[in-house]
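Here is a short briefing on one chain. It covers the overall fold, then the site named in a database record.

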Amino acid sequence: MSPADRIPVMIPWLGEEEARAASDAVLSGWVAQGPRVAAFERAFAERVGAEHAVAVSSCTTALHLSLVVLGIGPGDEVVVPSLSFIATANAVRYVGAQPVFADVDLATGNVTAATVDAVRTPRTRAVLAVHQGGVPADVHALRAACADWGLPLVEDAACAIGATVGGKPVGHGALLAAWSFHPRKLVTTGEGGMVTTDDAGTAARLRRLREHGMNASAAERHASDKPVLESYLEVGFNYRMTDIQAAVGLVQLGRLDAMIARRRALAARYDRLLREVPGLTPVRDPAHGQGNFQSYWVLLDEDFPGGRDGLLGALAEAGVSARRGIMAAHLEPAYADHPCAPLPVTERLSRDSLILPLFHTMTEAQQDRVVAALGERARR
């Protein structure tokens, strides 16, 4: 089978409009962090219902800065899901603190107030919840629990742009939320991230920290008709986004509603077709919100023929690119010596789930091929 006949797991929705926007940024002569970044921040904040948005170089750096502004450091513990891309746990280590892994809900893949409560200790200083694969966590319950415990809640919303909780966008009302613009996400800038918050002082410090702790950005100095002698108020980082990336992001943000509508339509069709395939359970919207279907995953019965890895191989032979389900950080070599409580649901999801192809140009014929390959394996 030729590469052109294979069904990819994901294709970013990029086109001529993004190319022109990037070209215009290059031709403007301002390619570093500047006016387009500021415009992207304003548009993004409005979209997610936050007062402030601060663009950075990745979601990983967004998570890192979120923990820095909370004052998390050595000797502290932060409760996180192991069921997440490893950057979630790594960000805790970046500030010298220890991640404490909480188990997750089987249906959503997200931590709950109960799973966090089961592992928090007197050393817990924050909770980092993930909206996994675009499925929104029950942040209303988590925020209420964290308020009772006196703990800040950081939301890893890397995958969740456009998802909703109680009819409001994910990120609305968040103390701090971190976002990703990696190509696997709905809105992409190639690489890049964002932190959103409703607190003006926190946003101002985030802006300093992303630019070496400087009290006046390059854009501000350039706009002034008088010399500006900047000061470096604390040790910061080089976590800036470029105007080229932001130009692409502005176009992408304008596509978001169409992206979500298309992905939800494809997910609904998958749901109908997969009712005829035994031995698997598709991801679905939780009762408290709607997902964006950044990923469409299925959980296999524990006796599924050949297991998850056998199914991945069968799909590959059929020309279908699928991926293992969400990783479990505590099972990776980087955390081999890291103590943690039993995580049975996390391990079940990591072992028995896989992500199916889903992208805006996917055809019904391609979906039919995916489902046929799944059905052939399931009925062996």
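Buried means under 20% relative accessible area, exposed means over 50%, and partly exposed lies in between (1.4 Å probe, protein chains only). At 12% relative accessibility, lysine 185 therefore counts as buried. The model is predicted: local features need pLDDT of at least 70, side-chain atom pairs count only at pLDDT 80 or more, and totals for chains, interfaces and linings use all residues. Residues are numbered from 1 along each chain as its sequence is written, and side-chain values use heavy atoms, with hydrogens and water left out.

**Overall fold**
- The chain has 12 helices and 14 strands; these are DSSP runs (helices H or I, at least four residues; strands E, at least two), numbered from the N terminus.
- The C-alpha trace spans about 75 × 55 × 40 Å along its principal axes.
- Of the 380 residues, 54% count as buried.
- Contact means heavy atoms within 4.5 Å. Among contacts with a separation of 6 or more, 73% join residues 24 or more positions apart.

**The annotated site**
- UniProt, in an unreviewed entry, places the feature "active site" at Lys185. UniProt positions follow the numbering used here, feature names are shortened, and annotations may be inferred rather than shown by experiment.
- Lysine 185 sits in the loop between strand 8 (176-180) and strand 9 (193-197).
- Not counting residues up to four places away in sequence, lysine 185 touches Met10, Ala158, Cys159, Ser180 and Gln294.
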